[in-house]
Amino acid sequence: MARRPRRLKNKHPQLQERMEKLLNSPLHELASELKQLTKFKHEQIIEYVSKLLERLPEEFDRRFYFDAWMIQSIVQSWSNDLTPNSRMIIPTHYNEWGYEPPSILTNPTVNTSFAVSFIHIPSEVTEIPSLLDYPWLCHELGHHLFSMPKHKQMLFDKFHSHVEELISKLKIMSISDHGLAKIRSQATIDEINTKWRDSKWVEELAIDVIALWTCGPAYLAAFQDEHEQVEDPFIIELTHPPVELRTYALLHAARKLGWHKYLKELEQIQKDWYRRVPSSIGNQYRLLHNHELVTQCVDAALAYCKSSRIPRLKLEDLNKMRLNLQRENDFSEGIELIVAAWLVYHENEECYDDWEEQTFNKLADEIMRNSVK
Ligand SMILES: [Zn+2]
C-alpha cells in the first residue's frame, strides 16, 4: 500500500516534462487537455496519462505531421454534431492499416470522460507516403465513426429489421419441417443470424460504402489493389466478410452511386471468383451470399452516409479536380488529395511518382510551417 503513492509522486514531474514537450508538437491540443487532466493528481488519471504518453512519439517527423493533418482534415470534412474531436485520433505506424478503438478514461470523481484512439498506418522505408493507399485511411476512420453507439444505431436499426424480416420468413417456411429438414432449416437461421447480425460483417461492408461514398473510384482502385491477388476470397470468419462477398457488395454500391465507368476490372474479378466457390463450402457460401441482405446492407449504409451528412464525391467533382491539377492549385483537404492522387495515376501514370513526391514535400512543409506556434 505504501509503494503506490510514492511511485505516483515520482512519476508526476516526469509527466509534466513530457507534456511540456508535447505542447510544442503536432499533438499540442491533446497535450493541453492531458495537462488539464493531470492537475487533478488522481491516481487513475496519472496512470492513464502515463500509459498514453508511452504510446506517443517523442520525435515528430514530416510523415507524422502529414498523417495527423490527413486525419484531421478528413474527420473535419465529415464533421457534424455526432463526430467527436478529430485531434484525439493519433496516427501510429504499423505494418498494415488498422483502427484501435478508443482507450477511454471515465472518472466520475473529477467528472471527466476522455478517449484517444489510434489509426495504424503502414510505414514505408521511404518517408514519402503512398497516396494511392490512403483511401484506406477513410476506411479506418469509418471504424472510428462506428466506435460511437449513436452512429452504430443509425446503421443497425434500419438493417436489423430486414434481417429479422428474413428470419421470420424462413421460420414460417420451415414450420412444417420435421427431423433432418427441421435441423437444416434451424441451422440456416442460425448461420444468417451469426454472420449478418452478430458479427462484424455489416460494419465492414458499411465502412467500405463510406470510403466509396467519400472517395469514389480512388477507393475502388485501392480495394482492388489490396485484394485482387488474395489466395482465398471465400474465407468465412466473423471479423470480415469473405473478400468475394465484400467485392460484390462494394460493386453494388458503386453502381448505385454512378461509378459504372470504373468497374469493369473489379466486376470481372468478382465474377471469376464467384464461379470458383469451392464445392466443400458451396451451400453455406451461397446461403450467406444473400442478394437481398447485401442490397439492404448497402442501402442502410448509403442512408447512413446521407443522414450523417458525409460529403459525397460525385462524377462531376472529378472534372473540378482535373482543372485544379492543371492549374497546380494547392491542396486544402485530405480527401481532395487522395482523389487527385488516383486521378493522376489513372490518367497520367508515368508522371505519378514525381507528382507524388513533389506534392507531399510541398504539402508537408506547409503543414509544418503552419503548425509552428
Ligand atoms: Zn475494416
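Here's a quick briefing on the overall build of this protein and on one residue, isoleucine 167. Keep in mind that this is a predicted model, where local features need pLDDT of at least 70, side-chain atom pairs count only at pLDDT 80 or more, and totals for chains, interfaces and linings use all residues. Numbering starts from 1 along each chain, following the sequence as written.

**Overall build**
- You'll find 15 helices and 3 strands in the protein; these are DSSP runs numbered from the N terminus, with helices being H or I of at least four residues and strands being E of at least two.
- The C-alpha trace spans about 70 × 65 × 35 Å along the principal axes.
- Of the 373 residues, 31% are buried, meaning that 20 or more other C-beta atoms, placed from the backbone, lie within 10 Å of the residue's own.
- Take the contacts with a separation of 6 or more: 74% of them join residues 24 or more positions apart. A contact here is two C-beta atoms, placed from the backbone, within 7 Å.

**Domains**
- Domain 1 covers 1-60 and domain 2 covers 149-307, with bounds from an automatic or database domain assignment.
- Their C-alpha centres are 44 Å apart.

**Isoleucine 167**
- This residue sits in helix 6, which runs over residues 149-173.
- Isoleucine 167 counts as partly exposed because it has 17 other C-beta atoms within 10 Å, between the buried cut-off and the exposed one of 12 or fewer.
- Beyond its neighbours within four places in sequence, isoleucine 167 touches Ile189, Ile192 and Asn193 by the contact criterion.
- Phenylalanine 60 is 107 residues away along the chain, and its C-alpha atom is 52 Å from that of isoleucine 167.
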